[in-house]
Amino acid sequence: MTERSVVHSTFVIERSYPASPAKVYFALSNPAAKRRWFADPHDPVPSRHEMDFRIGGKEVNAGCPSDGQMHFFNAVYQDIVPDQRIVYSYELLFGETRVSVSLATIELLAEGDGTRLVMTEQGAFLDGHDTSATREHGTGELLDALGAFLREEA
Amino acid sequence: MTERSVIHSTIVLERTYDAVPARVFQAFADPEARMRWGAPSKTAELVYDKADFRVGGLDVSRCGPRGSLIYRVENRYVDIVPEQRIVSTELVCEGWDRLSVSLITIEFQPVGASTRLVLTDQIAAFGDKDMIAGSEAGFSAALDNLAAEFVPETAGA
């Protein structure tokens with residue numbers, strides 16, 4: 001029998017971007033735009049990305065990184081306030097193993113001509129397959145990739 | 001500069017029940033049982049319009065003061081390990097307003113012939129900090145009520 005465990009955690013990551021909240025929101029909500037920065041750096045071309053950006057809509061990002069098994073990011077959009085807030089829950093699966101379930105809140109705050117993004121991620125990490133520290137690091141890399149995308153577009 | 005509008009909190013509640021994990025787990029799996037113990041008080045009511053206890057399944061319920069069920073709750077099951085764990089997301093609405101979203105983990109651990117239950121509610125409340133206290137009070141009262149499900153029927157007879 002697998003030893004069951006759940007570790008709960010919350011982390012907050014902040015970034016400042018030289019783009020308006022409307023532009024940052026577009027990069028988060030438009031599937032074609034999001035595809036350009038929302039990628040695993042170890043597997044930059046996902047085998048499947050589907051995104052239905054509306055409350056109750058789902059997003060799936062599936063890929064096969066270096067460890068050889070399929071990884072699935074399955075999200076449900078829980079709350080959307082255009083240009084201000086996106087809340088979604090997601091599970092992460094490695095193969096058929098559910099690694100974590102998380103609730104992510106992204107808040108966009110106007111800051112001069114730019115935007116301060118505050119991401120709060122509340123997570124439940126299951127059975128020791130992954131850690132909050134690893135997730136926080138990976139999420140920070142994604143938000144840096146979003147920043148690079150926004151600077152390219154500027 | 002715009003202001004932040006979401007309040008985050010983590011609520012942890014622990015209880016020990018005089019029943020094995022299989023029975024306590026069943027009290028969560030069965031919507032009929034949940035309607036008995038899930039309302040926080042005698043003056044409140046909880047009604048399930050839809051119940052689908054399986055991974056990916058959705059429960060839809062209404063609750064509030066008896067005769068005025070103003071809150072709509074959508075609970076989506078994300079992870080279920082029979083007799084051990086239930087993880088779900090819970091969205092609470094009043095009319096068209098979304099009040100909060102929670103990630104809820106319920107863990108069941110055997111302690112002798114009893115069960116230690118730990119409920120962790122990781123909540124994001126939209127604008128109203130009273131939702132945090134309200135969520136904690138509601139779950140706390142429901143978990144107290146749940147103990148009555150395991151009182152032997154012959155007790156005191």
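In which helix of chain B is L146(B) found? In this predicted model, L146(B) belongs to helix 3 of chain B, which covers residues 130–146. The residue counts as buried because its relative accessibility is 0%. Setting aside neighbours within four places in sequence, L146(B) is in contact with Y17(B), V24(B), A27(B), F28(B) and W37(B). A further residue, V55(B), lies 91 residues from L146(B) in sequence, and the C-alpha atoms of the two are 23 Å apart in space.

A second residue worth a visit is S100(B), which lies in strand 6 of chain B. Is S100(B) buried or exposed? With a relative accessibility of 1%, S100(B) counts as buried, since the cut-off for that label is under 20%. Not counting residues up to four places away in sequence, S100(B) touches E90(B), L91(B) and V92(B), along with I123(B), A124(B), A125(B), F126(B) and M131(B).

The meeting of the two chains comes next. The size of an interface is often given as the accessible area lost when the parts come together. For chain B and chain A, the buried area is about 2600 Å², with 56% of it on carbon and sulfur atoms. To this contact chain B brings 29 residues and chain A brings 32 residues. Three salt bridges are found across the interface. One of them joins the side chains of R98(A) and D79(B), with a distance of 2.5 Å from N to O.

Which strands of chain B each supply at least two residues of the side that touches chain A? They are strand 1 (6–17), strand 4 (71–81), strand 5 (85–94), strand 6 (97–111) and strand 7 (114–126). Strand 6 of chain B gives the most, with six residues. Sorted by class, this side of chain B has twelve nonpolar, eleven polar and six charged residues.

Finally, the cysteines can be considered. A disulfide is a covalent bond between the sulfur atoms of two cysteines. How many disulfides are there over all chains? The count comes to zero. C93(B), for example, is in no disulfide, and the nearest cysteine sulfur, that of C63(B), is 11 Å away. C93(B) is buried, as its relative accessible area is 8%, whereas C64(A) is partly exposed, with a relative accessible area of 39%.

How values were computed
Residues are numbered from 1 along each chain as its sequence is written. Chains are lettered from A and ligands numbered from 1 in the order in which they are written. This is a predicted model: local features need pLDDT of at least 70, side-chain atom pairs count only at pLDDT 80 or more; totals for chains, interfaces and linings use all residues. Side-chain values use heavy atoms; hydrogens and water are left out. Contact means heavy atoms within 4.5 Å. Buried area is the accessible area (1.4 Å probe) that two parts lose on being put together, summed over both. A salt bridge is a side-chain nitrogen of Lys or Arg within 4 Å of a carboxyl oxygen of Asp or Glu. Helices (H or I, at least four residues) and strands (E, at least two) are DSSP runs, numbered from the N terminus. Ala, Val, Leu, Ile, Met, Phe, Trp, Tyr, Cys and Pro count as nonpolar, Asp, Glu, Lys and Arg as charged, and the others, Gly among them, as polar. Buried means under 20% relative accessible area, exposed over 50%, partly exposed in between (1.4 Å probe, protein chains only). A disulfide is a pair of cysteine sulfur atoms within 2.5 Å.
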